[in-house]
Amino acid sequence: MNLAFYWPKLLWLAGALPLLVLLYGWIVRRKRRALANVANLAMMRAAAASVGGFRRWLPPALYLSAIALATLAIARPHATITVPSAQRTIILAMDVSGSMRAKDIAPSRLVAAQEAARTFVKTVPASTRIGVVSFAGTAAVVQHPTPNRDDVLAAIDRFQLQRGTAIGSGIIVSLATIFPGQGIQVTDVGQPRGMPRIPDPEKKEFTPVPPGSYESAAIILLTDGQRTAGPEVAQAIKMAAERGVRVFTVGIGTPTGEALSFEGMSMRVKLDEEALKQIANGTRGDYYAGTSAQELVRIYQALNAKLVFERKDMEITALVAAAAALLALIAAGLSM
């Protein structure tokens with residue numbers, strides 16, 4: 001926690017604390033001199049001895065601490081702290097292409113991904129809305145963002161393997177889900193230059209923002225990284241970066257991959273880590289390598305901690321002032 005002050009110049013008031021300590025010491029010495037002049041000195045000494053040394057010094061120490069905290073409160077302290085996000089949308093964009101049937105991650109890439117996603121969904125705070133996008137040759141929203149965890153889990157269970165891997169489509173459809181008012185469509189990407197565009201009166205224009213600056217939503221992209229269809233991934237990265245949306249990529253599979261046979265064809269499906277790192281770096285996200293089912297679960301746990309909490313700069317004047325008042329009350333009670 002980084003502590004700073006809005007009015008740091010008022011901290012000079014803390015310079016009065018040493019003076020208060022000296023004043024208290026002078027008062028104690030004066031009382032002792034007055035005590036020496038009392039006729040029944042034995043009775044007064046007995047009364048003074050009834051209060052132990054620690055008990056005698058505790059009230060003034062607490063009161064001075066209360067004054068010190070009050071001085072800090074006057075300077076209006078603020079700190080950067082980690083708090084649960086009040087509202088966040090997370091889009092799970094999951095690859096359902098044929099390569100996800102590979103078993104280099106037991107029992108298969110798809111089943112391991114589904115299990116890890118279920119664990120993630122169950123541990124995310126209730127205030128976070130989760131949407132699900134599946135992509136193969138095309139991409140589609142299988143569950144719009146919702147706080148209902150049962151609906152999200154049911155959407156994950158409905159995955160069916162299809163042909164092709166359109167990673168760019170998965171990112172673009174995820175962006176369209178986050179920004180429904182911008183009229184984002186996959187068909188607009190890669191349109192030949194010079195082709196007339198039909199204006200959409202309901203489409204809202206947007207102003208590009210710095211990459212990674214949008215804090216209200218993020219995309220978790222889970223795939224083996226081998227694009228075979230759809231728009232260029234570079235265009236999808238650009239669209240996400242201009243909207244400030246971070247894409248956290250989770251590579252599922254192994255670098256060596258596995259040979260698959262399908263409809264008389266044989267091909268080796270490998271994890272393309274470089275492609276997924278480019279997506280993450282271009283959008284200010286992070287890349288995670290899910291080379292096993294256990295690793296996928298750990299990855300989702302790390303993403304949960306990263307995405308559902310946020311760092312905020314908050315003024316804590318009220319807390320400091322409350323602590324000062326509490327110490328002052330305790331000091332008053334002990335000194336009675």
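Here is a conversation about how the labels used for this predicted model follow from its values.

User: What makes Ser 99 count as buried?

Analyst: Its relative accessible area is 10%. Buried means under 20%, so Ser 99 belongs in that class. You will find Ser 99 in the loop between S3 and H4.

User: Why is Arg 76 called partly exposed?

Analyst: Arg 76 has a relative accessible area of 25%. Buried needs a value under 20% and exposed a value over 50%, so Arg 76 falls in between. This residue sits in the loop between helix H3 (53–74) and strand S2 (77–84).

User: What else is noted about the backbone of Arg 76?

Analyst: Its phi is positive, near 55°, and Arg 76 is not a glycine. Arg 284 also has a positive phi, of about 65°, although it is not a glycine. Look for Arg 284 in the loop between H8 and S10.

User: Back to Ser 99: what makes its link with Ser 97 a polar contact?

Analyst: The two side chains come to 3.0 Å. The cut-off for a pair of N or O atoms is 3.5 Å, and one atom must be able to donate a hydrogen while the other accepts it. The pair of serines is therefore listed as a polar contact.

User: Which residues does Ser 99 touch, not counting those up to four places away in sequence?

Analyst: They are Arg 109, Asp 224, Leu 260 and Val 269. To count as touching, heavy atoms must lie within 4.5 Å.

User: How do you know that the buried residues of H8 line one face of the helix?

Analyst: Start with the residues themselves: in helix H8 (residues 273–282), Leu 276, Ile 279 and Ala 280 are buried. Seen down the axis of H8, the buried residues fall within an arc of 95°, so they line one face. As background, an α-helix has 3.6 residues a turn, so residues three or four places apart point the same way.

User: Which exposed residues does the face of H8 turned away from its buried side carry?

Analyst: That face carries Glu 274, Gln 278 and Asn 281. Each is called exposed because the class takes relative accessible areas over 50%.

User: What covers the buried residues of H8?

Analyst: The cover includes helix H6 (167–178), strand S6 (217–223), helix H7 (233–242), strand S7 (246–252) and strand S10 (287–290).

User: What makes a group of residues here a nonpolar core, and how many residues has the largest?

Analyst: Its members must be buried, come from a set of residue types that includes Leu, Phe and Tyr, and be joined through side-chain atoms within 4.5 Å. The largest such core has 33 residues, and those with the most contacts inside it are Leu 92, Phe 120, Tyr 300 and Leu 303. H4 gives the most to this core, with 7 residues. Apart from it lies another core, of 27 residues, among them Val 233 and Ile 237.

User: Which residues is Tyr 300 in contact with, leaving aside neighbours within four places in sequence?

Analyst: Among them are Leu 92, Phe 120 and Ile 220.

User: What does omega say about the bond that joins Ala 106 and Pro 107?

Analyst: Omega is about -5°, and the peptide bond is cis. Pro 107 lies in the loop between strand S3 (88–95) and helix H4 (109–123).

Methods
Residues are numbered from 1 along each chain as its sequence is written. This is a predicted model: local features need pLDDT of at least 70, side-chain atom pairs count only at pLDDT 80 or more; totals for chains, interfaces and linings use all residues. Side-chain values use heavy atoms; hydrogens and water are left out. Buried means under 20% relative accessible area, exposed over 50%, partly exposed in between (1.4 Å probe, protein chains only). Helices (H or I, at least four residues) and strands (E, at least two) are DSSP runs, numbered from the N terminus. The arc is that of the directions from the helix axis to the C-beta atoms.
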